[in-house]
Amino acid sequence: MRRAIWFGLLVAVTLMGHAWGAAGGENARVAASHMDASNRSGHARGAAAADARILVSLPPMMQEHMLANMRDHLEALNAILEALGMRKFGEAARIAEERLGMSSLSRHGARMMAPHMPEGMRAIGTEMHRAASRFALAARNAEVAPVGDQLAKTATALQAVTSACVACHSAYRIR
Ligand code: HEC
């Protein structure tokens with residue numbers, strides 16, 4: 001008899017749990033469809049809310065200059081990969097040093113740009129230039145390295161450069 005009561009209680013609690021769960025599920029569905037609707041009606045707002053990058057305001061001319069630099073960075077990266085694919089390590093090193101490395105600072109007007117950047121952004125920029133110069137060294141070493149080591153050595157060094165691209169892009173925007 002007692003066992004029957006306990007069993008009844010257990011069933012009741014279980015059923016209540018199900019009912020509660022179903023209600024919770026329904027709430028979740030309502031919330032989800034609400035979010036869906038607000039995303040549809042305000043896509044831009046949704047995108048802006050998801051964009052946590054810090055806005056760095058630059059004078060218009062400098063903004064142009066920076067974006068032009070950026071396009072050159074990507075072209076340089078492309079040319080480096082092309083050279084690596086053809087095992088022209090010296091060529092890859094030269095492009096990296098001249099267009100992305102420490103030797104590229106004056107070409108990119110770094111002295112003019114730096115004071116307009118927050119400290120963190122400047123630090124990532126400096127790290128990118130350093131990494132590019134390190135890559136240039138790695139590529140020159142790869143020229144005389146055993147063939148089996150060439151890819152790993154150069155790819156890892158180049159990835160240190162692209163890591164700086166990624167770090168800055170995910171933290172800052174200028175528009
Ligand atoms: C110190 C910060 C920083 C570093 C390092 C950096 N970028 Fe950028 N890049 C930016 C910012 C800021 C923008 C503009 C984003 C925005 O507001 O739209 C940008 C934009 C760009 C653009 C778009 C240009 C255009 O005309 O719209 C390209 C392409 C680009 N970066 C490539 C690169 C590549 C490739 C690297 C690495 C080799 C790199 N960037 C490294 C900060 C950086």
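Some housekeeping to begin. Residue numbers start from 1 along each chain, following the sequence as written. Because this is a predicted model, local features need pLDDT of at least 70 and side-chain atom pairs count only at pLDDT 80 or more, while totals for chains, interfaces and linings use all residues. When I say helix or strand, I mean DSSP runs (H or I, at least four residues, for helices; E, at least two, for strands), numbered from the N terminus.

Now to α3 itself. Its 26 residues reach 38 Å from first C-alpha to last, close to the 38 Å expected, that is, 1.5 Å times one less than the number of residues. His73, Ile80 and Ala83 are its buried residues; buried means 20 or more other C-beta atoms within 10 Å, exposed 12 or fewer, and partly exposed in between, with C-beta atoms placed from the backbone. The cover over them includes α4 and α7. Just after α3, Arg87 takes a positive phi of about 60°.

On to α6, with 25 residues reaching 37 Å, close to the 36 Å expected. Its buried residues, among them Gly125, His129 and Phe135, pack against α4 (89-99) and α7; contact means C-beta atoms, placed from the backbone, within 7 Å.

That brings us to the largest nonpolar core, which has 21 residues. Such a core is a set of buried Ala, Val, Leu, Ile, Met, Phe, Trp, Tyr and Cys residues joined through C-beta atoms within 7 Å. Helix α6 gives the most to this core, with eight residues. One of the residues with the most contacts inside it is Ala92, and Ala92 touches Ile80, Ala83, Leu84 and Ala139, leaving aside residues up to four places away in sequence.

Finally, is Leu105 buried or partly exposed? Leu105 has 15 other C-beta atoms within 10 Å, so it is partly exposed. Leu105 is in the loop between α4 and α5 (110-113).

Note on methods: Two residues are in contact if their C-beta atoms, placed from the backbone, lie within 7 Å.
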